[in-house]
Amino acid sequence: MRLLALDTATEACSAALLVEGEVLERYEVAPRRHAELVLPMLESLLDEAGLSLSRLDALAFGRGPGAFTGLRIAAGVAQGIALGAELPVVPVSTLAALAHGAFRERGETAVLAGIDARMGEVYWGIYRGVEAGVMECVGEECVCPPQVVPVPPGKGWFGAGTAWACHGEILARRLGPRLAAWAGDSLPRARDIAVLGAGLYRAGRAVDPAQALPVYLRDKVVAEKADATDRGRE
Amino acid sequence: MRVLGIETSCDETSVAVYDSETGIVAHEIYSQQTLHAAYGGVVPELASRDHIRKLLPMVRGVVREAGGRESLQGVAYTAGPGLIGALLVGVAVGRSLAWAWGLPAVAIHHMEGHLLAPMLEPVPPAFPFLALLVSGGHTLLVRVGGLGDYDILGDTLDDAVGEAFDKTAKALGLPYPGGPALEALARGGDPARFTFPRPMTDRPGLDFSFSGLKTHVLQTLCRSDASPQARADIAAGFQQAVVETLAIKCRRALRETGLRQLVIAGGVGANQALREKLQAVVDEEGAALFYPRLEYCTDNAAMIAYAGWLRLARGERCPASFNARARWSLASLR
């Protein structure tokens with residue numbers, strides 16, 4: 001299995017190459033520099049592995065949620081490469097990637113993944129590690145104020161992502177005894193998207209390049225966009 | 001040589017293939033107009049969301065129509081000026097596609113595309129020429145010496161012509177987009193009933209100002225009975241004031257530069273009254289008028305593919321590192 005992955009959903013920009021279970025990664029926290037960095041990152045990974053696009057099985061990208069413009073950069077790059085190299089695309093949730101990061105780094109298998117959504121809200125997903133490379137969403141991902149996030153059953157849950165850095169106290173109060181610990185410093189990474197993408201690919205979840213689309217979760221954008229109209233990227 | 005062009009700078013998604021031997025071989029434009037009509041103007045986030053859904057199927061269709069990927073030698077995309085989020089969709093897809101194909105890519109300035117659009121016509125102008133660039137975001141008089149040789153002779157100090165048209169149309173209660181609606185309303189109006197100023201024509205120079213004219217329209221409307229006839233008369237008077245103002249400056253620019261070819265480009269270039277008036281001006285001045293056909297007046301990828309071919313043929317290449325620019329001065333191009 002050979003798969004290239006990219007993510008530009010948050011302040012981080014990353015790319016990863018998965019070749020027969022081994023992962024190479026480029027990762028940089030670089031707000032507003034995604035467009036500049038992402039293709040050179042992918043290029044350097046292929047160079048390092050001595051691979052060309054035609055030798056890949058699929059392309060995976062962080063489909064969101066996250067910053068709207070960043071999601072479209074990832075989707076646009078995925079669409080362009082996939083069409084050009086005739087590759088199937090695997091859209092991967094950035095919340096699942098956060099959850100998998102917690103699994104990879106700390107062995108957590110019950111993760112409350114949250115990304116700060118600004119305007120007093122969080123993007124939220126409840127994830128369970130099923131086996132290596134597979135995180136299963138419990139219920140549905142959503143965007144809502146931290147005071148009312150959906151709460152999982154049971155105990156031992158670990159909180160991961162910037163939602164916890166911004167609203168840790170509120171979320172901890174909401175979760176009560178279900179929560180074991182949390183860390184708010186992690187961002188979605190392409191290495192996790194690559195591993196999850198490979199699992200989804202094997203499960204037959206790859207799509208046509210035209211279906212490589214962002215999942216914003218926040219779909220009421222007109223009223224709140226009045227102030228962001230020409231300011232550029234969020 | 002064949003170049004794929006992509007345009008997503010505002011509310012049109014467009015893809016084209018230009019062939020240096022035969023001209024445009026495939027071209028599609030999708031307008032988001034109905035999407036934004038309910039909001040009375042372009043909503044940037046909605047525009048971006050629509051571009052990312054529509055662009056790839058259009059690229060596929062146009063490439064297929066042009067005879068497939070093997071016939072292409074380069075990719076060009078609008079990288080600015082425009083709505084940053086909308087631009088980034090076209091840039092990301094276009095640059096990545098070229099990267100995967102192993103083809104050279106070039107970033108194109110949207111207004112350069114408009115400036116060069118008349119070159120796609122059977123009888124094109126020859127360098128150097130004078131260009132009046134009129135759109136929703138720009139009002140420029142430019143001396144075009146050649147590719148990348150743009151001398152800005154006049155610019156608007158406030159509103160662009162298209163903006164003045166849209167705002168006036170809104171004041172008159174016309175639906176978005178206001179320009180064409182205002183032109184239609186003006187046809188049944190008496191331009192002489194109300195007098196409107198010809199801003200900045202009584203002083204030397206080639207700059208424009210249209211915000212005062214818009215205010216004048218509002219005041220005239222308040223003082224009138226606002227009947228359908230009064231609205232039509234105001235529309236006609238406003239349009240005539242704009243057209244004459246542009247004509248006065250074009251005549252002045254032709255005389256000052258000694259150029260004998262005038263090009264009208266940009267969305268407002270589709271205005272029939274403007275074309276007729278400028279035709280009269282060039283006839284009197286012993287000059288010639290050039291304008292692109294209607295589909296190359298609005299935002300389109302044909303002009304981007306064409307400008308892309310010129311730049312690629314000159315050896316220009318963009319690195320894998322891409323970007324888009326909301327603001328980008330035409331005069332900074334080389």
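Mentor: What follows goes through the helix contacts one pair at a time, then a residue in one of the helices, then the contact between the chains. Keep in mind that this is a predicted model.

Start with helix α6 of chain B, which covers residues 178-186. One partner is helix α5 of chain B, residues 161-171, and the two pack at an angle of about 65 degrees. Their axes are 8 Å apart. Angles of 65 to 115 degrees count as roughly perpendicular, and α5(B) and α6(B) are therefore roughly perpendicular to each other. Their crossing is left-handed. On the α5(B) side the contact is made by B:F165, B:D166, B:T168 and B:A169, and on the α6(B) side by B:G178, B:G179 and B:L182. Sorted by class, the residues of this contact are 3 nonpolar, 3 polar and 1 charged.

Now follow α6(B) to another partner, α8(B). The axes of these two helices come within 7 Å and cross at roughly 110 degrees. That makes α6(B) roughly perpendicular to α8(B). Here too the crossing is left-handed. From α6(B), the residues in contact are B:L182, B:E183, B:L185 and B:A186. They meet B:R231, B:A232, B:A235, B:A236, B:F238 and B:Q239 in α8(B). The classes in this contact are 7 nonpolar, 1 polar and 2 charged residues. Note B:L182 in particular: this residue is part of the contact with α5(B) and also part of the contact with α8(B).

Helix α8 of chain B spans residues 228-257, and B:T245 is found in this helix. Is B:T245 buried or exposed? The cut-off for buried is under 20% relative accessible area. B:T245 has a relative accessible area of 1%, so this residue is buried. Leaving aside residues up to four places away in sequence, B:T245 touches B:R198, B:P199, B:T201, B:F208 and B:F210.

A further pair in chain B is α2, residues 44-65, and α3, residues 84-101. These helices pack at an angle of about 35 degrees, and their axes are 9 Å apart. The crossing of α2(B) and α3(B) is right-handed. In α2(B), the residues in contact are B:S48, B:H51, B:I52, B:L55, B:L56, B:V59 and B:V63.

Between them, chain B and chain A bury about 2900 Å², with 69% of it on carbon and sulfur atoms. The contact takes 30 residues from chain B and 37 residues from chain A.

Finally, a residue in chain A. A:E108 sits in the loop between α3 (94-106) and β6 (110-116) of chain A. With a relative accessible area of 19%, A:E108 is buried. Apart from residues up to four places away in sequence, A:E108 touches A:A102, A:F103 and A:F158.

How values were computed
Residues are numbered from 1 along each chain as its sequence is written. Chains are lettered from A and ligands numbered from 1 in the order in which they are written. This is a predicted model: local features need pLDDT of at least 70, side-chain atom pairs count only at pLDDT 80 or more; totals for chains, interfaces and linings use all residues. Side-chain values use heavy atoms; hydrogens and water are left out. Axes are lines fitted to C-alpha atoms, for helices over the stretch in contact, and angles run from 0 to 180 degrees between N-to-C directions. Helices (H or I, at least four residues) and strands (E, at least two) are DSSP runs, numbered from the N terminus. Angles under 35 degrees count as roughly parallel, over 145 as roughly antiparallel, 65 to 115 as roughly perpendicular and the rest as oblique. A crossing is left-handed if the near helix is turned anticlockwise from the far one by less than a right angle, and right-handed if clockwise. Contact means heavy atoms within 4.5 Å. Ala, Val, Leu, Ile, Met, Phe, Trp, Tyr, Cys and Pro count as nonpolar, Asp, Glu, Lys and Arg as charged, and the others, Gly among them, as polar. Buried means under 20% relative accessible area, exposed over 50%, partly exposed in between (1.4 Å probe, protein chains only). Buried area is the accessible area (1.4 Å probe) that two parts lose on being put together, summed over both.
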